[in-house]
Amino acid sequence: MDKKVIIIGAGLTGLTTAYFLKKNKFNNFILFEKEGKIGGYCKTIKKNEYKYDMTGHALHLKTEEIKYFLLEELSLKNELKLVGRESYIYFKNKFVPYPFQLSLYYLDYEDKYYILKEYINTYCSKIKDTTNIKNIKNFKDYCYAFFGKGISDLFMIPYNEKIWSYPAEKLGFEWMGRFVPKIDLGKIIEATLKPIKNDIGYNSQFYYPKNTGIEIIPETIYRKAQLGNNVFYEEVIKVDLNLKKVYTDKSEYKYNILINTLPLNRFLDMIQYSHELKSTITRVLIVEIENLKKEFSWIYFPQKNIPFYRIGNFKKFNSKLNNEKDLLYVEISSLYPMPNNTSKNEIVNELKKIFGNVKVNIVDDFIMENSYVVYESWRKQNLDNVLKFLEKNSIYSIGRYGAWKYDSMEGAMLDGKKIVSQISNNLFEK
Ligand SMILES: Cc1cc2nc3c(=O)[nH]c(=O)nc-3n(C[C@H](O)[C@H](O)[C@H](O)COP(=O)(O)OP(=O)(O)OC[C@H]3O[C@@H](n4cnc5c(N)ncnc54)[C@H](O)[C@@H]3O)c2cc1C
């Protein structure tokens, strides 16, 4: 079969691409999806009496473009609500409000003193000599230069080494931008002396569906764009760049333009392009907790001896999802291809130690195979060239996994919209 455009993957990126193709009255395309269902990581699972997203999916909207797309164009204004974040860092058996650097007031005297002393040292040395900023080579250098040794060693470095499953001195810092708020000397001093309003950071408020799980977003895109005839539930196995052909588990298809949203490492394997891309696996446990006294949206765990790096409570996203029950997601990271194999008992015991006298019932335990792409040196040196090589072959690799980057649902929708305007000259009659 000949199709002008083929999209691989019916997650948020692929679906948004399809939506904007249709909006431009272009219908000569298909999407391949290997699962029996659309949505990718934005699916909501129903198991027994429980409903939950694949892990906590909070919708942070920073651009007017995507806000308009979701609220007005897809008419989701009455379906989504704004939710305030209540997040903490579990630190020395205490729940310290997030972000750490604004909550120094809550720490013990020794930690406050150490953090302030190191921050001021770094601050003064930067005034004398700016080379330590110019010489930043990795995440560890970056943290030391902007937060001082105290905040870095007590939180930033151990937490990030856990989530990325990678050493801080080998990890890049290009991803940090809006995800990690910086802070100045005045604020650090103020935050040590008194409790202050901690609503900085990229995720102080987020949107979430009022009545359903996050799946309402991919499902609405699918429905509004009427993609029923465009989505083929087939798994792409191989791509031939010279013949411009996609081979699936059922058939083969010719394309003019190929849009890839599946993980770039898998895609490069399919075209036999050698690479050293690295990513993490997140193991997610869904647990119901009875008798939970602590209220929170999510909590970060920097400790090496606690297996999980973050837990969150779906009840704080939408309490109707599970009739006011406390249903938690527990996230554990490992470097691909080795999934984490901590025993369920150990995880349950850890939760009991943290939350006291609670009853824990494990509802689900699964893995998200490509979770965080690791910003390491091979990526830094080769990614641009790989993407350019693909473009020369009429292949656009987009989205968090296709373009191999740290990004959000909003980023997925932006990428889908952007690629359609980029290729529009070749496709639509003006
Ligand atoms: C642990 C975790 C937490 C997150 N939390 C948030 C959050 O709070 N807020 C937020 O905004 N974002 C969050 N994200 C990011 C968000 O999930 C992604 O940005 C977004 O879902 C990516 O969509 P996508 O379509 O690019 O990829 P995916 O959702 O991965 O979709 C790719 C699709 O391709 C299909 N596919 C794969 N291989 C093949 C094949 N061979 N043939 C055919 N189809 C194939 C897959 O089945 C899938 O449906 C989180 C991600 C993770 C991992």
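Predicted model: local features only at pLDDT ≥ 70, side-chain atom pairs only at ≥ 80, totals over all residues.
1. Seven strands form an open sheet in the order 7-6-14-15-16-13-17, and their pairing is mixed. Strand 7 (94-97) and strand 17 (359-368) stand at the edges; each has a single partner strand, so one side of each is left without a neighbour in the sheet. On average, neighbouring strands of this sheet are turned by 25° against each other, direction ignored. As background, strands of a sheet pair through backbone hydrogen bonds, either parallel or antiparallel.

2. Strand 13 (residues 280-290) and strand 17 run antiparallel and are joined by nine bridges. Within this part of the sheet, Glu288 stands opposite Asn361 of strand 17.

3. Strand 15 and its two partners. Strand 15 pairs with strand 14 in the antiparallel sense over three bridges, and with strand 16, also in the antiparallel sense, over four bridges. Ile311 may be followed across both pairings: Ile299 stands opposite Ile311 on one side, and Val330 in strand 16 is the bridge partner of Ile311 on the other. Arg310 and Gly312 point one way from strand 15, whereas Ile311 and Asn313 point the other way; all are buried.

4. A helix across the sheet. Helix 5 (residues 139-164) lies across strand 6 (87-91), strand 13, strand 14 (298-300), strand 15 (310-313) and strand 16 (326-335). The angle between helix 5 and strand 16 is about 80°.

5. Helix 13: buried residues. The buried residues of helix 13 include Met409, Met413, Gly416, Ile419, Val420, Ile423 and Leu427. Why is Asp415 counted as buried? Its relative accessible area is 12%, and a residue counts as buried under 20%. Apart from neighbours within four places in sequence, Asp415 is in contact with Thr13, Ile398, Gly399 and Lys405.

6. Two cis peptide bonds. The bond from Tyr98 to Pro99 is cis, with omega near 0°; Pro99 lies in the loop between strand 7 and helix 3. Tyr336 and Pro337 are likewise joined by a cis peptide bond, with omega about 10°. Pro337 is placed in the loop between strand 16 and helix 10 (344-355).

7. Two positive phi values. Most residues other than glycine have a negative phi. Asn93, in the loop between strand 6 and strand 7, has a positive phi near 65°. Trp404, in the loop between helix 12 (399-402) and helix 13, has a positive phi near 55°. Are these residues buried or exposed? Asn93 counts as exposed at 64% relative accessibility, whereas Trp404 is buried, with a relative accessible area of 0%.

8. A residue of helix 3. Tyr113 is found in helix 3 (residues 109-128) and counts as partly exposed, at 47% relative accessibility. Between Tyr113 and Ser274 there are 161 residues in sequence and 49 Å in space, C-alpha to C-alpha.

How values were computed
Residues numbered from 1 in each chain as written. Heavy atoms only, no water. Pairing = 2+ DSSP bridges. Axes fitted to C-alpha atoms, helices over the stretch in contact; angles between N-to-C directions. Contact = heavy atoms within 4.5 Å. Buried < 20%, exposed > 50% of the residue type's maximum accessible area, 1.4 Å probe, protein only.
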